[in-house]
Amino acid sequence: MNSSRPAARRSPPAARRNPAAWRPALARGVLLRHDPVRDTDLLLLPERVVVLHGSAGAVLGRCDGSRTVAGIVAELSAEYPGAPVAVEVPDFLAGLRKEGWLT
């Protein structure tokens, strides 16, 4: 195991075995905000701002640590019928976890 890897980036054992059981939450120091001037959602990181496109804000708004990935997918599938939520959302969240923006 790489001991230099920050603890916030490690997944709980259940999430490693079953990614759908992971309960994603924004990492410490990461904030989700809406910019009314641009009418878009932003992810505020230390010394960085990420402009979110499409439904990324709707996905991240559900990452509060109480919902599983499967639960988030179910909610979004109901809200966006016909969208490829089941494929895209878990990959999107996994990518943000690799960046260290989700725990």
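The model is predicted, so local features are given only at pLDDT of at least 70 and side-chain atom pairs only at pLDDT 80 or more, while totals for chains, interfaces and linings use all residues. Residues are numbered from 1 along each chain as its sequence is written, and side-chain values use heavy atoms, with hydrogens and water left out. The chain has four helices and three strands, where helices (H or I, at least four residues) and strands (E, at least two) are DSSP runs numbered from the N terminus.

**Overall picture**

- Reading from the N terminus, the elements follow the order α-β-β-β-α-α-α.
- The chain has 103 residues, and 32% of them count as buried; buried means under 20% relative accessible area, exposed over 50%, and partly exposed in between, with a 1.4 Å probe and protein chains only.
- Accessible surface for the chain totals about 6,500 Å², and carbon and sulfur atoms hold 54% of that; these areas come from the Shrake-Rupley method with a 1.4 Å probe, and for residues only the protein chains shown count as cover.
- If we take contacts between residues at least 6 apart in sequence, 53% join residues at least 24 apart; a contact means heavy atoms within 4.5 Å.

**The pair α3 and α4**

- Helix α3 covers residues 69-79 and helix α4 residues 85-99; their axes come within 10 Å and cross at roughly 135°.
- That angle makes α3 oblique to α4, because angles under 35 degrees count as roughly parallel, over 145 as roughly antiparallel, 65 to 115 as roughly perpendicular and the rest as oblique.
- The axes here are lines fitted to C-alpha atoms, for helices over the stretch in contact, and angles run from 0 to 180 degrees between N-to-C directions.
- The crossing of α3 past α4 is right-handed: a crossing has that hand if the near helix is turned clockwise from the far one by less than a right angle, and is left-handed if anticlockwise.
- On the α3 side, the contact is made by Val-69, Ile-72, Val-73, Leu-76 and Ser-77, and on the α4 side by Val-85, Ala-86, Val-89, Pro-90 and Leu-93.
- Sorted by type, the residues of this contact are nine nonpolar, one polar and no charged; Ala, Val, Leu, Ile, Met, Phe, Trp, Tyr, Cys and Pro count as nonpolar, Asp, Glu, Lys and Arg as charged, and the others, Gly among them, as polar.

**Two loop residues with positive phi**

- Most residues other than glycine have a negative phi.
- Asp-39 is not a glycine, yet has a positive phi of about 50°; Asp-39 sits in the loop between β1 (31-35) and β2 (40-45) and is exposed, at 59% relative accessible area.
- Glu-47, also not a glycine, has a positive phi of about 60°; Glu-47 belongs to the loop between β2 and β3 (48-51) and is exposed, at 88% relative accessibility.

- Arg-23 lies in the loop between α1 (13-17) and β1 and is partly exposed, at 45% relative accessibility.
- Beyond its neighbours within four places in sequence, Arg-23 is in contact with Gly-65, Ser-66, Arg-67, Thr-68 and Thr-103; its C-alpha atom is 7.7 Å from that of Asp-64, 41 residues apart along the chain.
- Leu-26 is also in the loop between α1 and β1, and is partly exposed with a relative accessible area of 24%.
- Leu-26 and Gly-61 are 35 residues apart along the chain, with 9.3 Å between their C-alpha atoms.
- Gly-61 is found in the loop between α2 (56-60) and α3 and is partly exposed, at 46% relative accessibility.
- Leaving aside neighbours within four places, Gly-61 is in contact with Leu-32 and Arg-67; Leu-32 is 29 residues away in sequence and 7.3 Å away in space, C-alpha to C-alpha.
- Leu-102 comes in the segment after α4 and is buried, with a relative accessible area of 1%; its C-alpha atom is 8.5 Å from that of Arg-28, 74 residues apart along the chain.
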